[in-house]
Amino acid sequence: MDVHLTQEAFETLLARLYERGDRLEFRQEGTDYPRSEKVDAYVLSGHAEALLSDEFEGDLWGTLADIDEAAADEAEAWDKIKAFYLGRGHVLLHLGAGEEWIFEEALARRLGLV
């Protein structure tokens with residue numbers, strides 16, 4: 001499943017989240033949250049199964065090795081990673097040209113992406 005978000009919608013999503021332990025939750029209005037629970041794109045990247053981004057290192061080759069695949073170049077590697085995860089029901093989030101994140105479907109649903 002593919003989901004497309006604008007950068008503005010992505011920033012709005014991040015602003016609505018907090019991280020406690022290993023879990024992402026939505027902020028409740030009128031509640032204060034410790035600064036350490038703030039979610040930015042870097043924090044969210046830790047919850048992604050894989051990502052392709054100019055801003056963050058997604059360990060493309062390590063992910064490819066984890067799924068027992070090989071590729072001649074980064075484009076082929078990313079295509080194989082996407083095929084692996086999307087074939088298992090994960091969600092592909094597009095954030096503009098060349099920016100793609102893969103999330104487990106359950107997390108994507110909880111975040112309101114699907």
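A: Helix α4 (residues 74–86) lies across β1, β4, β5 (91–94) and β6, and runs at about 30° to β6 (angles from 0 to 180 degrees between N-to-C directions of axes fitted to C-alpha atoms, for helices over the stretch in contact, heavy atoms within 4.5 Å). Helices (H or I, at least four residues) and strands (E, at least two) are DSSP runs. The model is predicted: local features need pLDDT of at least 70, side-chain atom pairs count only at pLDDT 80 or more, and totals for chains, interfaces and linings use all residues. Residues are numbered from 1 along each chain, and side-chain values use heavy atoms, without hydrogens or water.

The 4 strands under discussion form an open sheet with mixed pairing, in the order β1-β5-β6-β4. At its edges are β1 (2–4) and β4 (50–52), each of which pairs on one side only. On average, neighbouring strands are turned by 20° against each other, direction ignored.

Ala50 has Ile102 of β6 as its bridge partner.

Two nonpolar cores complete the picture (sets of buried Ala, Val, Leu, Ile, Met, Phe, Trp, Tyr and Cys residues, under 20% relative accessible area, joined through side-chain atoms within 4.5 Å). The largest has 22 residues, and Phe10, Leu44, Leu93, Trp101 and Phe103 have the most contacts inside it. Apart from that core lies another, of 10 residues, including Ala50, Ile102, Trp78 and Ile81.

Methods:
Two strands pair if DSSP finds at least two bridges between them. Buried means under 20% relative accessible area, exposed over 50%, partly exposed in between (1.4 Å probe, protein chains only).
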